[in-house]
Amino acid sequence: MDDLIKLERNVRSTYATTLSLLASRYHYHIPISERDVPGLPRVLFLGNHSSGKSSFINHIAGTEIQHSGLAPTDDGFTLITHGETEETLDGQTVVTHPDLDYQDMADLGPEFLAKLQYKTYPAEILRHLTLIDSPGMIDSASGSQLRGYDFRECVRRFSESADLILFFFDPDKPGTTGEAISIFTEQLVGLDHKLLIILNKVDLFDHIRDFARTYGTLCWNLSKTIPTKDTPRIYTTYIPDIATGEADQKNTIPLGDFDASREEIIAEIKRAPARRADNLVSGLLIQAKRLAVHSAVCLEAASAYNHLTNKIRLGICFSLLLVGGASWLTRTWWFNDEWRVAFSERNWQALTTPGIVVGSAVAISVLIALIMSYALRKLRRSIISEEGLDVFFKRAYKNEFSIRKRADLYSIWDAVKPGILGVVRAHGLRSLSTSSSSRKLLKKLEQSIEKEIPSLRRKIDFTSSFLSNDVQPDVEHDEQPPKDSVSLDETPAPPVREEEDRSAKS
Ligand SMILES: Nc1nc2c(ncn2[C@@H]2O[C@H](COP(=O)(O)OP(=O)(O)OP(=O)(O)O)[C@@H](O)[C@H]2O)c(=O)[nH]1
Ligand SMILES: [Mg+2]
């Protein structure tokens, strides 16, 4: 576990030394917690009501921590972790406790806090994990009215900070609950690298054809919500302590194969600390790449704007000099005796000629000033438009694009563009630095994306070691891991694709 803490500190120091100054110069928001070391790796349980989330938690903890029942049981979130004794803290205490990393949840409102709980239990499997049980999803249009708090926002917050998300379905509602589907399409977009989809309670099927039909329905529903070409993997399982006994089932389907699936889910849960290490580095890399693109485009746009405004300023100075020089050279003509006398006698008629010359000069100057301010405004507007920023993005990366297609850069661009638009509209182009020190910071960031940050990832492999040493599972089957369960050492953490992360906060 010390290794994970060390890695978290390394990641934090990279944020502080390489990212934060550049981010503040270009008004880029880096989500980073104030605490030195955030809490334990988190596993979030989501899914339909009565799909077996709480029962699964009880199963892996080897004891009844959570209530379960056929009617919607949980109406709030419960954080479950290790403690020497059984204890329960209320939501208000959780978000104000200095040792717990949930302070940012306070703004979800008193209704949410009233239903938030923090439970400790002396189960070994919880020693390096926090399990988060959630209220089941329902098929009601007025979900938030029913619960009194913004459930979707809570799901989004917990999902973003989770290292593994288990999404439970059951034979009764295989992806047919409105709330579940909309959460897939809105709150979980881009998080599929840490998402496991589980069809639980397979022991309830009497015939294999019922199972096939339900499985097909779930696949069909998911294919409409997850925009990948491949159907996502669905773990099919049941909880043995609860499963309907053989005696009750006239035509039961063979359950042996589903045991292996359950072991795989449990292995993934135990791998959460390793996932956390991987997620930390992936998160840093994603933020670093986004910040690099954000800064490069801001720099390009601000430089172009400054370049043009400088040209215009130069033009104005040149015109002033021209007018001044011309007046100086023609001073004898302007100050001749005839016009001086006419001026002192207020004989305006005699001053028609110089009047016309001065008037035309002023009119021409005003016209030029108007044209220039119009051109500047137009330029600013064209830079601040999406199309304008696209041009600067292509200009900033013209060398990259001349070598390869770089679809990855385009997907980062899609994610950062709205942020840049917001920055230039709110702060203006002048607020963006074009100094050589900012260029140096950007160069340093690009170098650390190439070398320093990937080298942190290389150090992750060691994290699997603390898992195998430390976590002694409570449940019987964990003592003898099945042959086909996922090996902690063999399975590499899934890479985070930039496209997957498109929707995440920017
Ligand atoms: N037959 C069978 N029943 C199960 C299984 N898993 C859970 N159950 C039962 O399903 C019911 C609901 O289980 P819970 O664990 O409360 O479900 P939940 O998802 O936490 O429900 P909410 O808290 O309401 O969202 C309980 O009566 C469990 O005993 C399973 O694998 N097989
Ligand atoms: Mg429950």
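I took helices (H or I, at least four residues) and strands (E, at least two) as DSSP runs, numbered from the N terminus. I kept in mind that this is a predicted model, where local features need pLDDT of at least 70, side-chain atom pairs count only at pLDDT 80 or more, and totals for chains, interfaces and linings use all residues. Residues are numbered from 1 along each chain as its sequence is written, while chains are lettered from A and ligands numbered from 1 in the order in which they are written.

I looked up K201 in the loop between β7 (195-199) and α8 (208-225). K201 is not a glycine, yet its phi is positive, about 65°. Most residues other than glycine have a negative phi. My cut-offs for burial, with C-beta atoms placed from the backbone, were 20 or more other C-beta atoms within 10 Å for buried, 12 or fewer for exposed, and partly exposed in between. K201 counts as buried because it has 24 C-beta neighbours inside 10 Å.

I then went to R346, in the loop between α12 (337-344) and α13. R346, also no glycine, has a positive phi of about 55°. R346 is exposed, because 8 other C-beta atoms lie within 10 Å.

**Entry: helix α13**

I checked α13, residues 352-384, and found 33 residues reaching 47 Å from first C-alpha to last. That is close to the expected 48 Å, taken as 1.5 Å times one less than the number of residues. I found α13 hardly covered, with one buried residue among its 33.

**Entry: ligand 1**

I listed the shell around ligand 1 and got 26 residues, the closest being G52, S54, S55, S68 and G136; near means a C-beta atom, placed from the backbone, within 6 Å. Helix α2 (residues 53-61) gives the most to this shell, three residues.

**Entry: strands around β4**

I followed β4 (residues 117-121), which pairs in the parallel sense with β2 (residues 78-82) over five bridges; pairing needs at least two DSSP bridges. T78 has Q117 as its bridge partner in β4. Strand β3 (residues 87-90) runs antiparallel to β4, joined by four bridges, and T88 has K119 as its partner there.

**Entry: the core**

I looked for nonpolar cores, sets of buried Ala, Val, Leu, Ile, Met, Phe, Trp, Tyr and Cys residues joined through C-beta atoms within 7 Å. The largest has 56 residues, of which V43, F45 and I132 touch the most other members. Strand β6 (residues 164-169) gives the most to this core, six residues. A second, separate core of 43 residues includes L22, Y28, V281 and A396.
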